[in-house]
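Have the viewer open as you read.

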Amino acid sequence: MNAPLLSLIVLVPIAGAALLGLLRQAQPGTVRSLSLGLSLSTLAFGLFALRHFDPAVVGPQFVERHRWMGALNVHYFLGLDGMSLLLVLLTGIVSPLALIASWRIPQNPRLFAALFLGLQGAALGVFLALDFVHWFLFWELSLVPAFFLIKLWGGPGAGRAAYQFFVYTMGGSAFLLVGFAALFVATGTLDFLQLAQLARDGTLAAKLGPVGSPAATFVFLGVLLGLAVKVPLWPFHTWLPSAYAEAPTPVSMFLTGVMSKMGVYGFLRLLWPIFPAQLHAIATPLLWLALAGVVLGAYAALRQTDLKRMIAYSSLNHLSYCLLALFAVASASGPKPSADAAVSALSGALLQVFNHGLSAAALFYAVGLLEDRSGGRRGIADFGGVRTAAPIFAGLTGIALFSSLGLPGLNGFVGEFLIFRGVFGLAPWAAAVACFGLLATAIFLLTFWQRVFHGPQAGATLAGFPDIRGIEYAVFVPLVALMIILGLLPQLLAGLVNPLVSAWAGQLVLP
Amino acid sequence: MSLSASQLWLIPALPLLAAAIGALTPRGGRKLAAGAAILALAGAFLLSCGALVGALADPAQHLVHNFSWFDLGAGTVRLGFLLDPLTALMCVMVTFVGLLIFIFSTGYMQEDANFTRFFCFLSLFAAAMLGLLVANSLLLLFICWELVGVASYLLIGFWFHKPEAAAAAKKAFITTRIGDLGLLLGMLWLYDATGSLLFYDAGQGVLENAALATLAGQVTVGGLAVSTAIGLLIFCGAVGKSGQFPLHVWLPDAMEGPTPVSALIHAATMVAAGVFLIARVYPLMAADQALVAVPVHALSVVAFIGAITALLGAVIAVAQNDLKRILAFSTVSQLGYMMLALGVGSWVAAIFHLLTHAFFKALLFLGAGSVIHAAHHEQDIRQLGGLRGPMKITFITFAIGTMALAGVPFLFSGFWSKEAILHAAHGWSVSHLPFYLALVAVVLTAFYMTRLVMQAFFGRPRSHAAEHAHENRVAMTGPLVLLAICAVLLGFLGTPYWPWLQRTLDPTFKAEAGGAGLMVLSIVLVAFGLGIGWAIYGRHVRATATAPDPLAVRAPGLWAALGDRLGFDAFYAATVFKLNAGAAAFADALDRHVVDGAIRLLVRLGEFAGVVHRETDEDLLNGGFDAASRGLRAGGNSYSKVQTGDAHGYLRAVALGFVALVLLVMLGGGR
Amino acid sequence: MTYSPLHLCLLFSSALFCIGLIGALARSNTILVLLGVELMLNAANLNFIAFWRYGPPTAPGTGVIFVIFAIAVAAAEAAVGLALVIAVYRHHRSIRLQDANQLKG
């Protein structure tokens, strides 16, 4: 491949953002088509990469590696492996749909589209960069458009939520930066793959210090903190409900669909390969934290009356499953059978990452439609009997809801099943505790369904509730179709990541 | 023609196709939706018959067709289809009963505006149920199990604008989900212990000897064998789905759905899925029977739970007044019988009873549906009465169903299947308690069914609706007749004198002799129950709807408690729901106050650091610098005062300086 | 007590210096202050000549050169001083030294 495919993937949306920024006199129609086209470019490039992608190769493909800052041994290094491809495709699917969802927003659509494209480009940069400097650049860069998008177009509490989101994440990232600076001082490289290699052959432990030493611990905790805030890992999650709830619908879709995955990606790309021993050492407390996210997240969702906050907590719950899987793998010790469970857990985590992105985006869109139709209300008590008034909308939302619940036959099941299979094999008690999360999820999702869609018409529904129409189909139908297709044919995803995951499990250093 | 294992997928595929057609059909396309559903199920029925032929060719064989679903690690996750007599018989039953119920529904749901949606969901249910039956993989079974649950949810809540229906649907799903979590854990454990979820896989399957020996040999928590633990977890799923104690509370509420739904799902098929599951994984459940040192055997738990449920359901049914709820509790009780049969070691008796029960319970429910439809949705038996005149076909078929359920001897299928169960319970070596409980339940079953029939069909009409009831159309009475015929004939497949069914299911089955005494005992008990029922309710059928029940007069406290379903719902509300709500409140408060509070504290600390910084800058550093500058200026100011402008003064200074210099030179050391 | 010629000369020049100093300090007439300053200068010159004539032998002309320079400087200084007095008188109409005190801090 001669064309710099990955650079194009990252830079086209960013360039598009700049372009939109310059076109001051553009008509709304032009803005819409231009921004949608630029956003779809990711999907187009992603599908192209998919065609030429070889799943059997474990290392990065479509590599672009150029010397950047020679004195600091920093390279411009982009690479695509199964996990990144999955995330690029997810971004490519969720972003255009979120943009279409934003067409209802009347204020300053040009600026919105520009910021959104910038956000998309930054996220793609995070998923493709393999050297710390520009990885971190994109990591931090994604915060800026997100901040403005939340603050300027969000709900009544948007200002505070945006500040909290920005400062909290940046605070965590500061520790991440310090950690990597220390790594650089110790090893002289910031390349993720090289650092992983150094960790594997013990050089990193020699240079940084053994597992219990203060230096190694501080570096590890710094990197952990930076990533933990992003996913988020309980208890670093309190920024999430307000940010997701106050953000406008398209931004919520993107935040839950893509940005939260940046944190999980960080765990799998940075933390685990570079610090496997430290992660193993504190795996049990981390398992408890992930379980807290699963169980407390689901139970807190049960208690919410604001529908967006409810879905936000549900996101916390689902992402904690991914972390649960990783920590269970990290806690593995013992004979070889663990490898099967490890493969299952990791495969499940990646599938869950993709599938949750779809179902959560769809649910946020549904709540966004509810909010739209009712003139800004989104409390659970503000609706009733929506299914009578809008049966097709109810049907599509129902599919998204059951996908989120993990109903077999839809995409959410496979990831969850594999995660549970893996976690049970590595830490059975954790799987048993996580079942409470499954139960609470079923309860709150069905309560949401019952209070809003079932029952007699009430609340905002009484004033008239038109069914789904026109462009709204364009957002819902692809998501729902993918949910059904991936539920029946998970091989489409599993085929991409299985060799990668098997390799990871094979490299599992079992003490 | 016979079906092979690799073609089994067609059986669930046809209704699934019909469901897809139904989903896309607009509101007006009634004929299309109903026609597709009925044709699909008829096709599935024919295919099931073909499968039965194929299975009967060699009843001892388990013919499988396994395939890969998706890659995982070095191997793949595999699913599969299984063809054996159990599967084939169940498929034939489900498709046949389903077909009749579908036809019944075309009449029953005539006036409903959402006709097409109803048939879409019914077809979805049928597809999922059939998928469950043909599965050779616990994973595929679980998938279809959950889909059946969803279809049930959609159908119970079919009239979703009614809050009670919406609530009942949610309750059903959540209660079964609690059981399903146990099933999930059992499945995960099984996968972890054996590396496979296929039942039969050329010696590698989990129900085959190699795996069973491994599982029975390992010991886990509390001294239980691993196979026992896994079996009990899988049984949790069955407890939920089949409405066993203590997860039986959803089944009576599920009667909020349309009556065909109650007939199909909550009488004949879905609730039987739990029994089927245990029968399917019977080798696993029975793997620990040979072990002596274990604290409990899996099947013992099954037996006791079944016996308790059988009695519980029968006792509560005595005091119910809603036609469908009596039948619902009756179903709970009968499912208890089936579990009891499984537990005491005779899974073939359980399946026999499952098959006969499917027919006569579906018959009873459809009969109830016929009554309800005719009486304009009046379901309270106190408000009915005298229906035996105007609704002859319904009455006769209902009576046949009643006699089958009660176990009237020889002619009716229920008698033979119940006999088989009692026989097996009597012969159980562990304990006779389940047997006695089952005997009490026999009496109660006859009793409450007599009560129902007497109050609904005999006497004089006690309400406006009952007065104007008239027989329904052929679409509704036809299936009733067919089911009644089956309720009679089916029993003859499993009599001890010709145990065709038992031998087909389990080729090693040996009919035991010496059951005559037991048969006499059960006949006596049935007669006793019918007699008391007739004596209390039949001799003087209640005159008005509001007159108190004769038993209520004699034992008001007990009657009220039974009418209130022994307070299970209230108990669960006070404990489980409260616990749940408490957990939710705790989680939310933890987030809002503790975790968020910690963050706010950090923010305050950050702000404080900012204030300190600012003060240091402004007051300490800036101020200090300013003060130093001022001092310098003041110093300069005062120093400039030396310049007095007075020349004489300067001269004086010069002179004094000169003198000082001289003194210094003279006294200070000279040179 | 025998005083050598050097002693006498030095005593004499010291007395001259003191008279000149007192004059410079005590008189308010600027010209007389300049006179006092001249006296002090000449006292110093006398010192140098005394040491040249009666002091230890040195290179010829050492003291005399210095005196000649000093006389020239004194003359210049007197000229400049008197010019300053005339300039100040033009402005202040007074030659009292105390009156010219404006250059102060």
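Contact here means heavy atoms within 4.5 Å. Helices (H or I, at least four residues) and strands (E, at least two) are DSSP runs, numbered from the N terminus. This is a predicted model, so local features need pLDDT of at least 70 and side-chain atom pairs count only at pLDDT 80 or more, while totals for chains, interfaces and linings use all residues. Residues are numbered from 1 along each chain as its sequence is written, chains are lettered from A in the order in which they are written, and side-chain values use heavy atoms, with hydrogens and water left out.

Let's start with helix 2 of chain A. Its buried residues pack against helix 1 (5-22), strand 1 (61-69), strand 2 (74-80), helix 3 (82-101) and helix 4 (109-128) of chain A. Among those buried are A:Val31, A:Ser35, A:Leu38, A:Thr42 and A:Ala49; buried means under 20% relative accessible area, exposed over 50%, and partly exposed in between (1.4 Å probe, protein chains only).

Now the backbone. In chain A, a cis peptide bond joins A:Trp234 and A:Pro235, with omega about 0°, and A:Pro235 sits in the loop between helix 10 (214-230) and helix 11 (239-246). Chain B has a cis bond between B:Phe245 and B:Pro246, again with omega about 0°; B:Pro246 is in the loop between helix 8 (226-241) and helix 9 (250-253).

Two histidines in chain B have positive phi without being glycine:

| Residue | Phi | Relative accessible area |
|---|---|---|
| B:His376 | near 55° | 61%, exposed |
| B:His377 | about 65° | 44%, partly exposed |

B:His376 lies in the loop between helix 15 (347-374) and helix 16 (392-406) of chain B, and B:His377 is in the loop between helix 15 and helix 16 too.
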